[in-house]
Number of protein chains: 2
Amino acid sequence: MQPMHTVSAYDDELKYLARRIASMGGHAERMVEQAITALVSADTRLAQKVVRDDPILDESQRDIDEKAVSVIARRQPMARDLREVIGAIRISADLERIGDLAKNVAKRVVAATEGQQPVSLFRGIEALADLALSQLKEVLDVYASREVTKLGFIRDHDDDIDAMYTSLFRELLTYMMEDPRNITPCTHLLFCAKNVERIGDHATNIAETIYHIVTGEQMANERPKGDKTDRVTASLLLPK
Amino acid sequence: MQPMHTVSAYDDELKYLARRIASMGGHAERMVEQAITALVSADTRLAQKVVRDDPILDESQRDIDEKAVSVIARRQPMARDLREVIGAIRISADLERIGDLAKNVAKRVVAATEGQQPVSLFRGIEALADLALSQLKEVLDVYASREVTKLGFIRDHDDDIDAMYTSLFRELLTYMMEDPRNITPCTHLLFCAKNVERIGDHATNIAETIYHIVTGEQMANERPKGDKTDRVTASLLLPK
């Protein structure tokens with residue numbers, strides 16, 4: 001049997017990883033919130049702040065990766081502990097990507113807010129972001145509580161996000177057809193909407209990882225992630 | 001000392017992972033090639049084949065993940081072997097994403113080829129895909145040969161892909177402004193071009209992972225991945 005202080009140091013290492021993930025999660029959430037606020041209010045200063053904040057997540061991911069690999073090498077974790085450590089590597093990769101997507105929204109603020117876009121378009125992206133953010137928050141809460149029975153909401157939210165993204169996609173295309181001056185800003189808004197939709201996908205990935213950490217099983221009915229806008233054709237939008 | 005047959009079985013397990021990655025890589029390459037061919041030649045049958053082929057990569061990724069975690073748990077690999085196993089998890093995730101991106105291009109074939117798009121737009125996407133594909137092929141060759149000194153090409157190719165993507169982005173916007181009937185198909189082409197650009201990013205990720213497996217170091221001068229089109233504003237495109 002290992003001496004007590006070693007077991008406890010090991011435990012501390014696992015807790016350190018979980019704490020770092022929780023703090024990355026909070027940081028990613030904030031970046032998404034601020035990127036959307038910057039976009040909706042055409043606030044280029046806030047957008048620049050989001051871009052500047054991104055390296056913190058990159059750094060955290062590198063730190064978590066190194067720590068996780070070092071825990072595996074030194075402690076040879078088994079079963080649940082091993083899933084915990086591998087899960088930390090996966091979740092930190094998803095959180096880092098969420099930060100990248102928020103940064104990309106922030107970088108488009110200038111180009112997307114040029115001209116007079118109708119308020120409804122920004123409201124649409126804001127509503128989409130609210131859904132994606134509440135998905136992310138609930139997933140991070142489950143990471144803290146480990147109550148995986150609460151992960152049932154994920155499917156419904158995914159469907160809501162897909163439906164709202166598809167409707168926003170159509171709305172943006174229609175608006176571009178009305179006036180060529182809308183084309184460039186609306187294209188940037190399309191990419192912003194797509195980024196928000198992908199943030200939802202990464203939140204779902206995290207939910208699946210947490211489920212696997214806690215139960216050792218794959219989450220039932222994993223559904224294909226990704227948007228449904230590939231079926232939106234001109235003939236659906238243009239007047240006959 | 002462990003009996004010889006155990007060491008050899010362990011070695012076989014590492015080789016199995018490397019073989020699976022190589023075969024995933026070949027499959028991902030083929031999916032990208034066929035998705036682009038389907039797009040350029042408006043071949044919906046080939047597009048459907050690409051969509052049908054995607055689950056093979058999902059399945060391979062799951063298999064590699066399970067095998068890798070089981071190797072870690074049973075063999076407690078150290079140093080280079082541990083990097084090899086963790087690297088297999090990372091590379092298979094990148095290859096699975098490349099397959100998803102190819103599938104997404106394939107799913108847009110119908111919507112993107114509606115109407116009469118100028119040949120030059122498709123040539124542009126084809127040229128972008130050629131760059132991304134040669135990037136992917138060279139990276140997979142280095143995975144097989146382990147000659148990481150050959151990874152220097154990565155930076156230059158990244159710059160070429162970024163420049164070509166930005167020019168295609170502008171060209172598509174200009175074309176949308178000329179005729180509202182171009183807007184929907186060109187929007188789908190924009191997303192296709194973006195997907196191809198991201199395939200290049202994933203190839204770069206794989207290069208970084210290979211470098212880390214072989215050397216234990218991070219690749220020097222890691223550069224931010226991602227597109228530069230956020231700076232393309234309407235005022236750059238519209239006549240004064």
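**Exercise 1.** Sort the residues that line the second largest pocket of this predicted model into nonpolar, polar and charged.

*Solution.* Start with the residues. Chain A gives Thr44(A), Ala47(A), Gln48(A), Val51(A), Ala106(A), Lys107(A), Val109(A), Val110(A) and Ala111(A). Chain B gives Asp230(B), Arg231(B) and Thr233(B). Now sort them. Six are nonpolar, three polar and three charged. The space they line is about 190 Å³.

**Exercise 2.** Which element supplies the largest share of the lining of the second largest pocket?

*Solution.* In chain A, α2 (44-75), α3 (79-107) and α4 (109-112) each supply at least two lining residues. The largest share comes from α2(A), with four residues.

**Exercise 3.** Classify the aromatic pair of Phe191(A) and Phe191(B), and explain why the pair joins two chains.

*Solution.* Count the pairs. Over all chains there are five aromatic pairs. Next, take the geometry of Phe191(A) and Phe191(B): the centres lie 4.9 Å apart, with 35 degrees between the planes. Stacked needs under 30 degrees and edge-to-face over 60. The pair is therefore tilted. Now locate the residues. Phe191(A) sits in helix α7 (residues 183-215) of chain A and Phe191(B) in helix α7 (residues 183-215) of chain B, so the pair joins two chains. Both Phe191(A) and Phe191(B) are buried. Finally, widen the view. Ring pairs link Phe191(A) and Phe191(B) into a cluster with Tyr165(A), Phe169(A), Tyr165(B) and Phe169(B).

**Exercise 4.** Find what lies over the rings of Tyr16(A) and Tyr143(A).

*Solution.* Take Tyr16(A). Lys67(A) lies over its face, 5.1 Å from the ring centre. Then take Tyr143(A). The charged end of Arg146(A) sits over its ring, 4.6 Å from the centre.

Note on methods: Residues are numbered from 1 along each chain as its sequence is written. Chains are lettered from A and ligands numbered from 1 in the order in which they are written. This is a predicted model: local features need pLDDT of at least 70, side-chain atom pairs count only at pLDDT 80 or more; totals for chains, interfaces and linings use all residues. Side-chain values use heavy atoms; hydrogens and water are left out. On a 1 Å grid over the protein atoms alone, a cavity is a set of points where a 1.4 Å probe fits but cannot get out, and a pocket is an open set with protein on both sides within 12 Å along at least five of seven lines; lining residues have an atom within 4 Å of a point. Grid points are joined across faces, edges and corners, and a volume is the space filled by probe spheres set on the points. Ala, Val, Leu, Ile, Met, Phe, Trp, Tyr, Cys and Pro count as nonpolar, Asp, Glu, Lys and Arg as charged, and the others, Gly among them, as polar. Rings of Phe, Tyr and Trp (its six-membered ring) pair if their centres lie within 6.5 Å; planes under 30 degrees apart count as stacked, over 60 as edge-to-face and the rest as tilted. Buried means under 20% relative accessible area, exposed over 50%, partly exposed in between (1.4 Å probe, protein chains only). A charge sits over a ring if NZ of Lys or CZ of Arg is within 6 Å of the ring centre and within 35 degrees of the ring normal.
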